[in-house]
Amino acid sequence: MNNCPIGVFDSGVGGLSVFSELIKLLPDEQYIYFGDTKNLPYGNKTKEQLIEITTGIFDFFESKRVKAVVMACNTTSALTYDYLKNKYNFKIYPIVQSVSKQIAMENYSSIGVFATNATIHSHAYKKEISYYNPDVNIFETACPKWVNIVENRLFEDEESISNIKQLVEEMLLNNPNKIILGCTHYPYLLNVLSRFAPENIFINPAKCFAEFILKDLNNNHLLNTSGVKIQPEFYVSSNPAQFISSSKLFYKVDKIKEICLQKILCNKT
């Protein structure tokens, strides 16, 4: 299985922040990226809806004979991983669970978390980090508008900037050592975020997540050894032109295919 592809998914372009780190560390791997633009944003979905959506994505990757799936989405990692982790025969890498231990080991006394409504309400980062470091204070803030800001490239929109400024200033009242960008869309906002706080206060989990995946694939003898370079494949569930336009900040996507998750689920049943 070591020469099979790695699947990477998110609700849209946000997961490209993880994909771009993966391809730097693991350039010899074959990748299949899926952006679920039809169901964007995930942050306002119920757990039941997210399980159905993620099942469709996992079934798609299963049909592609992947060796691993990277959950480059904090929301599905927080709410669906425990349900799905034993239902498939490929490796599954959930971003929240994979990076929380590494963040906890830094011995910060206070950590902020910016994330979607669903991730914040699950308290996934708080539970995972506190498990490894019960002494850390964790302050969570939901940022329900930020995914839309990224997907529609509203970085200089006055209302967007005002919303970001307000949430950053409120978080800084807690005096956090670091603030986790707990949604893979949020690193796209670093240029705006850094207007209101030092850029180095923000943690983009993508890099340490990619490092974790590299180490685990190596330990399990799953690194690609074929020596054959294969271009990444990109898929979306709707609006490929918008995805290509929005993707340019992290990775230039030239070719993309549109697929229907509902058909995948129906075909399975």
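1. Two strands pair if DSSP finds at least two bridges between them. Strands (E, at least two residues) and helices (H or I, at least four) are DSSP runs, numbered from the N terminus.

2. The model is predicted: local features need pLDDT of at least 70, side-chain atom pairs count only at pLDDT 80 or more, and totals for chains, interfaces and linings use all residues. Residues are numbered from 1 along each chain as its sequence is written, and side-chain values use heavy atoms, without hydrogens and water.

3. The sheet is open and has four strands, ordered S6-S5-S7-S8, with parallel pairing. S6 (137-142) and S8 are the edge strands; each has a single partner strand, so one side of each lacks a neighbour in the sheet.

4. S5 (residues 110-115) and S7 (residues 178-181) run parallel and are joined by four bridges. Phe114 has Leu181 in S7 as its bridge partner. Val113 stands opposite Ile180 in S7.

5. Two bridges pair S7 with S8 (residues 202-203), again in the parallel sense. Here Ile179 has Phe202 in S8 as its bridge partner.

6. Helix H8 (residues 158-172) lies across S5, S6 and S7. Its angle to S5 is about 160°, on a scale from 0 to 180 degrees between N-to-C directions, with axes fitted to C-alpha atoms.

7. Tyr131 sits in helix H6 (residues 124-132). Its relative accessibility is 65%, so Tyr131 counts as exposed (over 50% relative accessible area, 1.4 Å probe, protein chains only). Met105, Tyr131 and Tyr132 form a nonpolar surface patch, together with about 350 Å² of accessible area. Patch residues have over 30% relative accessible area and no salt bridge, with nonpolar side chains joined within 5 Å. A salt bridge puts a side-chain nitrogen of Lys or Arg within 4 Å of a carboxyl oxygen of Asp or Glu.

Conventions
Contact means heavy atoms within 4.5 Å. Patches are made of residues with over 30% relative accessible area and no salt bridge: like charges are joined within 9 Å, nonpolar side chains (Val, Leu, Ile, Met, Phe, Trp, Tyr) within 5 Å. Accessible areas come from the Shrake-Rupley method with a 1.4 Å probe; for residues, only the protein chains shown count as cover. Buried means under 20% relative accessible area, exposed over 50%, partly exposed in between (1.4 Å probe, protein chains only).
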